[in-house]
Amino acid sequence: VSERLIPVVFQPSGKTVSVPSGTNLFSLMTELGLTHSATCGGKGKCGKCKVKVETGVEAINASTESELKHLLPQEIGQGYRLACAISVPPVPSFTVRTSSIRQGKLKLQTEGALVSISPDPAVRKYVIRLIDSDLPAEEMLLALLKRKYALSCQMDYEVLTMLPAAIERGKGFVTCVVYQGNTVIAVEPGDTGRDCLGFAADIGTTKVAVYLMDLNSGKELSFSAAPNPQAIYGDDVMSRIAFSMAREGNTLILQKILLKEVAHLVRDCCTKARLKPRSIYEGCFVGNPCMMHLLLGFSPRSLAFFPYKSVSHHSVTLKARELPVRLHVHPAGRIFTLPLIAGFVGADTVAALIAVRQNKPHGVQMLLDIGTNTEVVLSDEKGFMACSCASGPAFEGMHITHGRKADSASIEKVSVDPETLEVTFQTIDGAKPAGICGSGIASAIAELLRVGVIGTNGKIRGELSRKTHRVRKVRENFFEFVLAWKHETDIGYDITVSQKDVLEVQKAKAAIYTGCTLLMRQKGITADQVQSMTIAGAFGQHVDKASVRAIGMFPDVPLDRIKEAGNAAGTGAKMALISRQKREEAAHVARSTKYYELALDEDFTREYATSMLFPRQPSPMINSVEEKVESKNAHR
Ligand code: FES
């Protein structure tokens with residue numbers, strides 16, 4: 001990096017900053033908040049930091065290997081580059097055009113089933129009428145708690161320091177805040193019994209959701225959600241683990257950036273509900289094992305290597321002030337995490353289990369939480385068995401040519417006319433499309449399979465390029481299908497499904513199908529014995545069940561037994577926050593779930609290879625399609 005300052009102009013906003021030549025463009029854009037879509041943290045893997053260099057292109061470094069992989073030759077010819085692969089050159093002025101894609105509002109799936117359980121929170125408030133007594137203040141309060149509420153408590157040291165002032169200001173009354181029925185964690189002047197809040201937080205790899213709850217009534221008061229800010233260090237858990245291992249101090253960076261977002265969301269929840277964060281006495285956290293490690297400041301290193309052990313499987317309780325970032329809750333506030341099942345099956349799965357079993361505690365049930373890792377839990381009267389499938393991020397819209405996370409400009413549903421092969425698509429909020437999200441790619445492939453554009457082996461039938469302009473050749477033996485023409489999109493170029501995209505979906509669905517099948521085999525259960533299959537997570541909420549079954553993602557469980565649970569992990573976190581009995585249930589579920597390591601199953605490779613094929617379609621339409629398209633084209 002030289003000291004010569006170069007003005008860098010970002011179009012279309014015209015924003016200009018001067019930086020030393022040699023500054024990496026991606027780092028600069030990250031500082032300026034211009035890298036929303038990038039998901040690999042500048043490692044050249046996601047291809048989502050594409051920019052068009054308008055002036056100064058001749059002075060920048062030659063195309064790198066990652067650019068050659070992610071950009072088409074004609075794009076490179078037009079000045080397109082990956083921001084993470086180039087540095088600001090020593091030119092009089094450097095102008096780049098960032099994506100014209102409107103940054104759609106991320107669809108952060110936060111809604112789950114309603115919580116309808118009687119509140120029995122860990123934090124309760126007890127109002128005490130003070131009496132004249134010769135006893136020291138501590139003994140007097142503890143004696144009154146015992147006499148009036150039958151509680152045998154001890155008092156935190158910090159409480160003693162606040163006692164005299166609370167008694168003096170309380171004018172005859174104080175409110176004791178009691179944790180787990182045995183520890184007084186705060187004493188407040190007067191009667192503050194009504195203000196007793198807690199929050200539940202679901203820490204996902206992609207999103208963070210916080211729910212503000214009234215601990216007295218068990219009611220949800222407000223919620224707030226945001227993308228997980230750690231995403232700039234990598235879109236999946238493995239890249240975040242790699243970042244945390246790269247340098248001492250990186251785990252702390254990941255922990256702090258996450259906690260700052262949680263603090264922000266908690267504040268936002270309080271603003272929405274017009275309540276004070278100081279009335280929050282407990283936060284209950286769930287998330288996958290990596291997120292829980294990073295939240296608590298544990299090194300996630302052991303999660304990356306066989307036997308993929310976590311630092312601790314147990315739930316952890318700590319004081320909020322012990323965290324390296326202030327959460328703006330009550331100074332005596334506690335933080336509680338639900339337990340994990342195994343190195344790849346975390347507190348989010350435990351929470352989802354207690355939520356979905358709430359309404360139907362018996363019978364053979366299967367829970368799938370679909371994400372970059374898909375957790376499958378199969379339960380029957382003999383107990384729970386869980387596995388984790390490396391399904392990859394295709395169903396989160398990543399590793400797909402025009403994939404994007406679910407937002408207002410994402411195609412979520414596709415239908416293809418079997419006669420003309422013309423396409424109708426639907427975006428999440430009816431906006432012009434800028435890409436396709438996970439449920440959209442599943443829907444598109446199910447349709448292409450149904451009408452015969454894709455065969456059971458996943459090949460796009462190149463011969464159709466002679467019959468429809470939607471199927472076109474990219475290079476030898478490599479075809480793509482055009483879902484939306486450039487004039488229909490918000491990005492100025494066609495949105496397509498490529499052969500590579502089909503392969504990504506095949507790998508993802510094969511991983512999930514294999515996990516379900518091997519787990520069922522272990523328990524001696526067949527698909528028709530599964531009484532209920534619950535799909536948790538954002539993917540489940542938007543996807544058409546018939547589409548995913550058509551591509552062979554699940555075993556043949558009847559469609560009417562498949563249901564979506566929304567954000568079941570968030571619902572479970574809320575339940576655990578307001579009910580100690582649910583915490584015990586979570587501890588029981590975590591302890592009694594047997595983890596099944598798929599990679600050690602001798603049938604795994606064979607099963608996975610077979611599952612790569614798409615199911616045969618009930619009535620192949622290709623012949624009629626070919627004829628009809630041929631006759632339509634003849635009239636062009
Ligand atoms: S490829 Fe540049 S940030 Fe991912």
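Reader: Hi! Which residue does Asp603 form a salt bridge with?
Author: Asp603 pairs with Arg521, and their closest N and O atoms are 3.1 Å apart. A salt bridge here is a side-chain nitrogen of Lys or Arg within 4 Å of a carboxyl oxygen of Asp or Glu. This is a predicted model, where local features need pLDDT of at least 70 and side-chain atom pairs count only at pLDDT 80 or more, while totals for chains, interfaces and linings use all residues. Residues are numbered from 1 along each chain as its sequence is written, and side-chain values use heavy atoms, with hydrogens and water left out.

Reader: Where do Asp603 and Arg521 lie?
Author: Asp603 is in the loop between strand S27 (593–595) and helix H16 (604–611), and Arg521 is in helix H11 (residues 499–523), so the pair ties together parts that are 82 residues apart in sequence. Helices (H or I, at least four residues) and strands (E, at least two) are DSSP runs, numbered from the N terminus.

Reader: And is Asp603 buried or exposed?
Author: Asp603 counts as buried, at 18% relative accessibility. Arg521 is partly exposed, at 41%. Buried means under 20% relative accessible area, exposed over 50%, and partly exposed in between (1.4 Å probe, protein chains only).

Reader: Which residues are linked with them in a network?
Author: Arg606 and Glu607 join Arg521 and Asp603 in a network of salt bridges.

Reader: How many salt bridges does the structure hold?
Author: There are 23. One of them joins Asp156 to Arg334, with the closest N and O atoms 3.0 Å apart. Asp156 sits in the loop between strand S7 (154–155) and helix H5 (157–170) and Arg334 in strand S15 (residues 334–337), so this pair connects parts 178 residues apart in sequence. Both Asp156 and Arg334 are buried.

Reader: What about Asp268 and Lys272, how far apart are they in helix H7?
Author: They are four residues apart, which puts about one helical turn between them. Their side chains meet in a salt bridge (3.3 Å, N to O). Asp268 is partly exposed at 25% relative accessible area, and Lys272 is partly exposed too, at 48%.

Reader: New topic: which residues touch the most other members of the largest nonpolar core?
Author: Phe199, Ile203, Phe285, Leu327 and Leu338, out of 84 residues. Helix H7 (residues 250–273) gives the largest share of this core, nine residues. A nonpolar core is a set of buried Ala, Val, Leu, Ile, Met, Phe, Trp, Tyr and Cys residues joined through side-chain atoms within 4.5 Å.

Reader: What lies apart from it?
Author: Another core, of 65 residues, including Phe479, Ile491, Leu518 and Leu598.
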